[in-house]
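Hi,

Here is the structure I promised to pass on. Have a look at it first, and then read on for what turned up when I went through it.

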Amino acid sequence: MDEGKWTIRRAAPDDAARLAELANALDFEDLGAEALCPFDASVMIRDFIGDNAILATEVAVAGGIVVGYAAHNLAYHAETAQPARWLENLYVTPEWRGGGVARSLMAAVALHALATGCDAVFWGVRRDNARGRRFYDKLGAGDEAADIRVLYGDALEGLAGEG
(Lines give C-alpha, C1' and ligand atoms only; values in the text may rest on other atoms or scores of the structure.)
Protein backbone atom coordinates (compact mmCIF):
# COMPACT_ATOMS: atom_id res chain seq x y z
CA MET A 1 0.00 0.00 0.00
CA ASP A 2 2.95 2.28 -0.57
CA GLU A 3 2.66 5.31 -2.81
CA GLY A 4 3.17 4.24 -6.41
CA LYS A 5 1.19 1.04 -5.98
CA TRP A 6 -1.92 2.90 -7.12
CA THR A 7 -2.73 5.36 -9.85
CA ILE A 8 -5.14 8.27 -9.87
CA ARG A 9 -7.30 8.93 -12.92
CA ARG A 10 -10.70 10.29 -13.89
CA ALA A 11 -13.54 7.80 -13.36
CA ALA A 12 -14.79 5.98 -16.45
CA PRO A 13 -18.10 4.24 -17.20
CA ASP A 14 -16.51 0.84 -16.50
CA ASP A 15 -15.97 2.03 -12.90
CA ALA A 16 -19.67 2.64 -12.25
CA ALA A 17 -20.56 -0.59 -10.43
CA ARG A 18 -17.47 -0.45 -8.22
CA LEU A 19 -18.02 3.24 -7.46
CA ALA A 20 -21.58 2.42 -6.41
CA GLU A 21 -20.22 -0.16 -3.94
CA LEU A 22 -17.81 2.39 -2.50
CA ALA A 23 -20.40 5.15 -2.29
CA ASN A 24 -22.78 2.82 -0.46
CA ALA A 25 -19.95 1.76 1.87
CA LEU A 26 -19.30 5.43 2.68
CA ASP A 27 -23.01 5.95 3.33
CA PHE A 28 -23.06 2.94 5.65
CA GLU A 29 -19.90 4.02 7.51
CA ASP A 30 -21.41 7.47 8.08
CA LEU A 31 -24.95 6.45 9.01
CA GLY A 32 -24.93 2.78 9.98
CA ALA A 33 -28.38 1.20 9.99
CA GLU A 34 -29.94 4.50 8.89
CA ALA A 35 -27.97 4.48 5.62
CA LEU A 36 -30.10 4.46 2.50
CA CYS A 37 -27.29 3.10 0.30
CA PRO A 38 -29.00 4.53 -2.80
CA PHE A 39 -26.20 4.04 -5.31
CA ASP A 40 -26.12 1.71 -8.28
CA ALA A 41 -24.23 1.84 -11.57
CA SER A 42 -26.92 3.92 -13.27
CA VAL A 43 -26.77 6.59 -10.56
CA MET A 44 -23.00 6.68 -10.81
CA ILE A 45 -23.14 7.14 -14.59
CA ARG A 46 -25.81 9.84 -14.26
CA ASP A 47 -24.26 11.83 -11.41
CA PHE A 48 -20.57 10.90 -11.06
CA ILE A 49 -19.25 9.88 -14.49
CA GLY A 50 -21.46 10.63 -17.49
CA ASP A 51 -21.23 13.50 -19.95
CA ASN A 52 -23.85 15.49 -18.02
CA ALA A 53 -22.77 14.38 -14.54
CA ILE A 54 -23.01 17.00 -11.82
CA LEU A 55 -19.83 15.70 -10.19
CA ALA A 56 -16.28 15.17 -11.41
CA THR A 57 -14.85 11.98 -9.98
CA GLU A 58 -11.24 10.91 -9.54
CA VAL A 59 -10.47 7.28 -8.68
CA ALA A 60 -7.53 5.52 -7.09
CA VAL A 61 -6.82 2.19 -8.80
CA ALA A 62 -4.60 -0.55 -7.39
CA GLY A 63 -4.20 -3.89 -9.10
CA GLY A 64 -6.95 -2.98 -11.54
CA ILE A 65 -9.47 -2.36 -8.73
CA VAL A 66 -10.86 1.03 -7.67
CA VAL A 67 -9.85 1.40 -4.01
CA GLY A 68 -10.95 4.98 -3.46
CA TYR A 69 -12.58 7.98 -5.03
CA ALA A 70 -13.08 11.72 -4.70
CA ALA A 71 -16.21 13.32 -6.16
CA HIS A 72 -16.41 17.11 -6.44
CA ASN A 73 -18.42 19.79 -8.17
CA LEU A 74 -18.26 23.45 -9.02
CA ALA A 75 -18.98 25.83 -6.17
CA TYR A 76 -18.48 29.52 -5.45
CA HIS A 77 -16.07 31.25 -3.08
CA ALA A 78 -18.10 34.30 -2.08
CA GLU A 79 -15.26 35.89 -0.08
CA THR A 80 -13.08 36.17 -3.20
CA ALA A 81 -15.77 36.24 -5.91
CA GLN A 82 -14.07 33.28 -7.58
CA PRO A 83 -15.11 29.75 -8.53
CA ALA A 84 -14.25 26.95 -6.13
CA ARG A 85 -14.73 23.20 -5.86
CA TRP A 86 -16.94 21.43 -3.32
CA LEU A 87 -15.69 17.99 -2.30
CA GLU A 88 -18.83 15.90 -2.00
CA ASN A 89 -17.26 12.53 -1.22
CA LEU A 90 -13.82 11.22 -0.34
CA TYR A 91 -13.63 7.51 0.35
CA VAL A 92 -10.84 4.96 0.53
CA THR A 93 -11.46 1.30 1.34
CA PRO A 94 -10.35 0.39 4.88
CA GLU A 95 -7.44 -1.79 3.76
CA TRP A 96 -5.97 1.12 1.76
CA ARG A 97 -6.32 3.81 4.43
CA GLY A 98 -3.28 5.44 5.99
CA GLY A 99 -0.96 4.87 3.06
CA GLY A 100 -1.40 8.05 1.05
CA VAL A 101 -4.29 7.16 -1.27
CA ALA A 102 -6.62 9.81 0.17
CA ARG A 103 -3.88 12.43 -0.04
CA SER A 104 -3.30 11.54 -3.70
CA LEU A 105 -7.01 11.87 -4.39
CA MET A 106 -7.11 15.25 -2.66
CA ALA A 107 -4.08 16.35 -4.70
CA ALA A 108 -5.98 15.41 -7.88
CA VAL A 109 -8.96 17.49 -6.73
CA ALA A 110 -6.65 20.42 -5.94
CA LEU A 111 -5.01 20.13 -9.36
CA HIS A 112 -8.44 20.06 -11.05
CA ALA A 113 -9.49 23.11 -9.03
CA LEU A 114 -6.47 25.16 -10.04
CA ALA A 115 -6.63 24.00 -13.68
CA THR A 116 -10.22 25.23 -13.91
CA GLY A 117 -9.63 28.64 -12.32
CA CYS A 118 -10.84 27.80 -8.82
CA ASP A 119 -9.16 29.36 -5.81
CA ALA A 120 -10.42 27.01 -3.07
CA VAL A 121 -11.76 23.56 -2.28
CA PHE A 122 -14.43 23.29 0.41
CA TRP A 123 -15.92 20.25 2.14
CA GLY A 124 -17.60 19.13 5.30
CA VAL A 125 -16.45 16.56 7.81
CA ARG A 126 -18.52 15.04 10.58
CA ARG A 127 -17.59 16.37 14.02
CA ASP A 128 -17.20 12.81 15.34
CA ASN A 129 -14.82 11.81 12.52
CA ALA A 130 -11.57 12.32 14.42
CA ARG A 131 -9.46 10.39 11.93
CA GLY A 132 -10.84 12.42 9.03
CA ARG A 133 -10.27 15.69 10.87
CA ARG A 134 -6.65 14.73 11.59
CA PHE A 135 -6.14 13.81 7.93
CA TYR A 136 -7.50 17.15 6.73
CA ASP A 137 -5.40 19.01 9.30
CA LYS A 138 -2.28 17.30 7.88
CA LEU A 139 -3.21 18.61 4.44
CA GLY A 140 -3.10 22.12 5.87
CA ALA A 141 -6.86 22.63 5.69
CA GLY A 142 -8.33 25.42 7.74
CA ASP A 143 -11.56 25.26 9.68
CA GLU A 144 -14.22 27.67 8.51
CA ALA A 145 -15.89 27.42 11.94
CA ALA A 146 -19.22 26.99 10.20
CA ASP A 147 -21.88 24.35 10.36
CA ILE A 148 -23.14 22.78 7.18
CA ARG A 149 -26.92 22.78 7.21
CA VAL A 150 -29.27 20.75 5.05
CA LEU A 151 -32.91 21.14 4.15
CA TYR A 152 -34.52 17.98 2.72
CA GLY A 153 -37.58 15.75 2.88
CA ASP A 154 -40.67 17.14 4.57
CA ALA A 155 -38.87 20.33 5.65
CA LEU A 156 -37.82 21.05 2.07
CA GLU A 157 -41.29 20.36 0.72
CA GLY A 158 -42.93 22.44 3.46
CA LEU A 159 -40.76 25.45 2.79
CA ALA A 160 -41.24 25.12 -0.98
CA GLY A 161 -45.00 25.08 -0.34
CA GLU A 162 -44.71 28.58 1.07
CA GLY A 163 -43.32 29.91 -2.23
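This is a predicted model: local features need pLDDT of at least 70, side-chain atom pairs count only at pLDDT 80 or more; totals for chains, interfaces and linings use all residues.

Buried or exposed, what are the residues of strand 2? 7 of the 7 are buried, so strand 2 is largely enclosed by the rest of the structure. A56, E58, A60 and A62 point one way, while T57, V59 and V61 point the other way, and all of them are buried.

On to the next neighbour: strand 2 pairs with strand 3 in the antiparallel sense, over 7 bridges. One of the residues involved is V61, whose bridge partner in strand 3 is V66. The hairpin made by strand 2 and strand 3 has 2 residues between the strands, and G63 there takes a positive phi near 60°.

Strand 3 in turn is joined to strand 4 by 10 bridges, and these two also run antiparallel. Here Y76 finds its bridge partner in P83 of strand 4. Between strand 3 (65-77) and strand 4 (82-92) there is a loop that holds A81. Phi of A81 is positive, near 55°, and this residue is not a glycine. A81 is partly exposed, at a relative accessible area of 46%.

Next, the helices. The axes of helix 1 and helix 2 come within 8 Å and cross at roughly 90°. That makes helix 1 roughly perpendicular to helix 2. On the helix 1 side the contact is made by A16, A17, L19, A20 and A23, which meet A41, M44, I45 and I49 of helix 2. The loop between helix 1 (16-31) and helix 2 (41-49) contains C37. Like A81, C37 is a residue other than glycine with a positive phi, here about 45°. C37 counts as partly exposed, with 32% relative accessibility.

Helix 3 has a length that checks out: its 15 residues should span 21 Å at 1.5 Å a residue, and the end C-alpha atoms are 21 Å apart, which agrees. Its buried residues are V101, A102, S104, L105, M106, A108, V109, H112 and A113. What covers them? The cover includes strand 1, strand 2 (56-62), strand 3, strand 4, strand 5 and helix 4 (130-139). After helix 3 comes G117, with a positive phi near 80°.

Last, the aromatic rings. There are 5 aromatic pairs. W6 and W96 form one that is edge-to-face, with 6.3 Å from centre to centre and 85° between the planes. W6 sits in the segment before strand 1 and W96 in the loop between strand 4 and helix 3 (101-115), so the pair ties together parts 90 residues apart in sequence. Both W6 and W96 are buried.

Another edge-to-face pair is F48 with Y69, at 6.3 Å centre to centre and 65° between the planes. This pair also links distant parts of the chain, since F48 is in helix 2 and Y69 in strand 3, 21 residues apart. F48 is buried at a relative accessible area of 5%, and Y69 is buried at 0%. Ring pairs also bring in F39, which forms a cluster with F48 and Y69.

Best wishes

Key
Residues are numbered from 1 along each chain as its sequence is written. Side-chain values use heavy atoms; hydrogens and water are left out. Helices (H or I, at least four residues) and strands (E, at least two) are DSSP runs, numbered from the N terminus. Buried means under 20% relative accessible area, exposed over 50%, partly exposed in between (1.4 Å probe, protein chains only). Two strands pair if DSSP finds at least two bridges between them. Rings of Phe, Tyr and Trp (its six-membered ring) pair if their centres lie within 6.5 Å; planes under 30 degrees apart count as stacked, over 60 as edge-to-face and the rest as tilted. The expected span of a helix is 1.5 Å times one less than its number of residues. Contact means heavy atoms within 4.5 Å. Axes are lines fitted to C-alpha atoms, for helices over the stretch in contact, and angles run from 0 to 180 degrees between N-to-C directions. Angles under 35 degrees count as roughly parallel, over 145 as roughly antiparallel, 65 to 115 as roughly perpendicular and the rest as oblique.
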